[in-house]
Each structure stands twice: as C-alpha cells, then as structure tokens.
Amino acid sequence: ISTDHLLVSQSEPGRRVRPSDFRRRNKLMAALSDATVIIEAGDASGTRHQAAECMRLGRWLFIAKSAAEDGQLRWPARLVHEPTVRVLTETEDILQVLGVKV
C-alpha cells in the first residue's frame, strides 16, 4: 500500500508498534476523520482517547446504543450530552448528521 498508494501513520516505517502507540494512533484517526463510530469500548479502553480527541477537535462522535445504555460503563454517560455526540441506533443516523444524501 505504501509503495503505490497513500499510507498515513504516526510511526516511522519499520518501527515496531507498541501498545503505548495506540493513543497517538487514535489521535491521528480522529484528526483525519469527519466522525468516529464507537461500537464497543470498556471503561479502560484506549478508544476513549479517540473520543476525547473528537471532542477537542469538534468532530462527530457516534456511540452505539448498546454501549451508551450499558449500565456497567461510565464513559458514555460523560459524553452523550455533548453537542457533537449522538447515540447510534442505525446507519442512517450517521448519514443524516453528516448531510449525506441517500
């Protein structure tokens, strides 16, 4: 892919990826995307870092209804009231918010 197409990475070519790199990766993904969809993420998940970057950058964040309503998770309740966060019930929710005509 990197030879004939576009490759975007937070790491130099050939560098071994470590779990500590995931936070930087999530930050990059949030910066490059119009929206992020979180289907499942525990309270200790690194995906929360991408959600935080979405908030910081004013990007849309969609949280699956199953995660948003999971009483064992604390992080969704802290975000669902933010203006750029939506609870996702179906794919059309994303298309509508982003203004994509179907």
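Predicted model: local features only at pLDDT ≥ 70, side-chain atom pairs only at ≥ 80, totals over all residues.
Colleague: How many salt bridges does the structure hold?

Modeller: The structure holds three salt bridges.

Colleague: Which residues are linked in a network?

Modeller: Salt bridges link Glu-12, Arg-15 and Asp-21 in a network. Glu-12 meets Arg-15 at 3.7 Å, N to O, and the closest N and O atoms of Asp-21 and Arg-15 are 2.8 Å apart.

Colleague: Is Asp-21 buried or exposed?

Modeller: Asp-21 is buried, with a relative accessible area of 4%. Arg-15 is partly exposed at 30%, and Glu-12 is partly exposed at 47%.

Colleague: Turning to helix 2, which residues there are buried?

Modeller: In helix 2, residues 47-57, the buried residues are Gln-50, Ala-51, Glu-53 and Cys-54. They fall within an arc of 160° seen down the helix axis, so they line one face of the helix.

Colleague: What do the buried residues of helix 2 pack against?

Modeller: They pack against helix 1, strand 1 (35-38), strand 2 (60-64) and helix 4 (75-79).

Colleague: Which residue does Glu-53 meet in a salt bridge?

Modeller: Its partner is Arg-56, at 2.9 Å, N to O. Both lie in helix 2, three residues apart, about one turn of the helix. Glu-53 is buried at 12% relative accessibility, whereas Arg-56 is exposed at 55%.

Colleague: And what comes just after helix 2?

Modeller: Gly-58, which takes a positive phi of about 75°.

Colleague: Which residues make the nonpolar surface patch?

Modeller: Leu-6, Val-8 and Leu-32 make a patch of about 330 Å². Leu-32 is in helix 1, residues 22-32, and is exposed, with a relative accessible area of 57%.

Note on methods
Residues numbered from 1 in each chain as written. Heavy atoms only, no water. Patch = residues over 30% accessible without salt bridge, like charges linked within 9 Å, V, L, I, M, F, W, Y side chains within 5 Å. Areas by Shrake-Rupley, 256 points an atom, 1.4 Å probe, with all protein chains shown as cover. Salt bridge = Lys/Arg side-chain N within 4 Å of Asp/Glu carboxyl O. Helix = DSSP H or I, 4+ residues; strand = E, 2+ residues; numbered from the N terminus. Buried < 20%, exposed > 50% of the residue type's maximum accessible area, 1.4 Å probe, protein only. Arc of directions from axis to C-beta. Contact = heavy atoms within 4.5 Å.
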